[in-house]
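Take each solution one step at a time.

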Amino acid sequence: MKLAVFAQLLMTLALVLATAVAADPDLLQDLCVAHLSSGVKVNGFTCKDSSKVNASDFFSDIAAKPKPTNNTFGSAVTGVNVQVIPGLNTLGVSMSRIDYAPSGLNPPHTHPRATEIVFVLKGQLDVGFITTANKLISKTIKNGEIFVFPKGLVHFQKNNGKVPASVIAAFNSQFPGTQSVATTLFAASPPVPDHVLTQTFQVGTKMVDKIKSRLKPNK
Ligand SMILES: *[C@@H]1O[C@H](CO)[C@@H](O)[C@H](O)[C@H]1NC(C)=O
Ligand SMILES: *[C@@H]1O[C@H](CO)[C@@H](O)[C@H](O)[C@H]1NC(C)=O
């Protein structure tokens with residue numbers, strides 16, 4: 001085999017391998033239950049003393065019941081990530097339960113560190129994501145059905161029924177992170193300057209301030 005061909009093969013292999021590990025890093029021991037209050041910062045959490053680990057580090061019942069949805073958007077996310085189940089630290093997976101009032105919306109947002117797959121527990125939702133080519137991929141899904149939102153892409157779910165809906169979501173990250181488009185731009189602290197937003201959205205300051213007042217931080 002010519003050296004150049006061999007070098008090219010090696011490079012292709014390296015690229016393939018790099019793609020294969022483009023998610024939460026793999027673990028280097030059986031378990032590493034998060035020491036959530038440790039002052040030591042690493043990529044993830046440090047491990048707590050394994051002699052103090054027990055079943056409660058791997059358990060949660062917070063997604064057993066629907067969360068109240070009487071808020072601005074009519075939806076509520078119950079995140080079941082490493083902050084809730086410390087035993088998820090270094091395992092690269094987590095879940096959420098999302099509840100929706102009739103017409104409730106989980107507004108457009110992204111998870112910078114994970115792909116999401118949702119299973120509809122009950123009700124019917126209009127869901128979709130937008131690719132970087134700005135194409136909307138959308139569908140109506142109902143109980144028992146599954147839909148996928150690829151990593152990092154902006155997506156949403158809206159209850160299109162007259163009764164409450166809920167889904168279970170799974171993520172390939174212990175802590176997927178969420179960036180909601182509207183609140184990121186209009187409710188950041190300190191605020192994104194008005195002139196940036198008026199120019200971005202091609203509207204006046206009044207309109208920008210109106211949206212800002214409706215989307216106060218922590219709402
Ligand atoms: C696990 O240990 C904690 C104390 O570190 C204790 O409060 C809890 O009851 C234990 N849980 C189980 C399931 O043994
Ligand atoms: C939502 O409803 C619960 C009772 O079901 C109530 O305690 C809570 O204050 C309400 N929240 C809002 C924001 O209206």
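This is a predicted model: local features need pLDDT of at least 70, side-chain atom pairs count only at pLDDT 80 or more; totals for chains, interfaces and linings use all residues.

Residues are numbered from 1 along each chain as its sequence is written, and side-chain values use heavy atoms, with hydrogens and water left out.

**Exercise 1.** Describe the aromatic pair of Phe-129 and Phe-147.

*Solution.* Step one: rings of Phe, Tyr and Trp (its six-membered ring) pair if their centres lie within 6.5 Å; planes under 30 degrees apart count as stacked, over 60 as edge-to-face and the rest as tilted. Step two: searching the whole structure gives three aromatic pairs. In the pair of Phe-129 and Phe-147, the centres are 6.3 Å apart and the planes make 45°, so the pair is tilted. Step three: Phe-129 sits in strand S5 (residues 124-130) and Phe-147 in strand S7 (residues 146-149), so the pair ties together parts 18 residues apart in sequence; strands are DSSP runs (E, at least two residues), numbered from the N terminus. Step four: both are buried (under 20% relative accessible area, 1.4 Å probe, protein chains only), Phe-129 at 10% and Phe-147 at 12%.

**Exercise 2.** Why is strand S9 (residues 165-171) largely enclosed?

*Solution.* Step one: five of its seven residues are buried, so the rest of the structure largely encloses S9. Step two: look at its pairing, which needs at least two DSSP bridges between two strands. Strand S2 (residues 94-100) runs antiparallel to S9, joined by seven bridges, and Ser-94 has Phe-171 as its bridge partner there. Strand S4 (residues 116-122) also pairs with S9 in the antiparallel sense, over six bridges, with Phe-119 partnered by Ile-168.

Conventions: Chains are lettered from A and ligands numbered from 1 in the order in which they are written. Buried means under 20% relative accessible area, exposed over 50%, partly exposed in between (1.4 Å probe, protein chains only). Helices (H or I, at least four residues) and strands (E, at least two) are DSSP runs, numbered from the N terminus.
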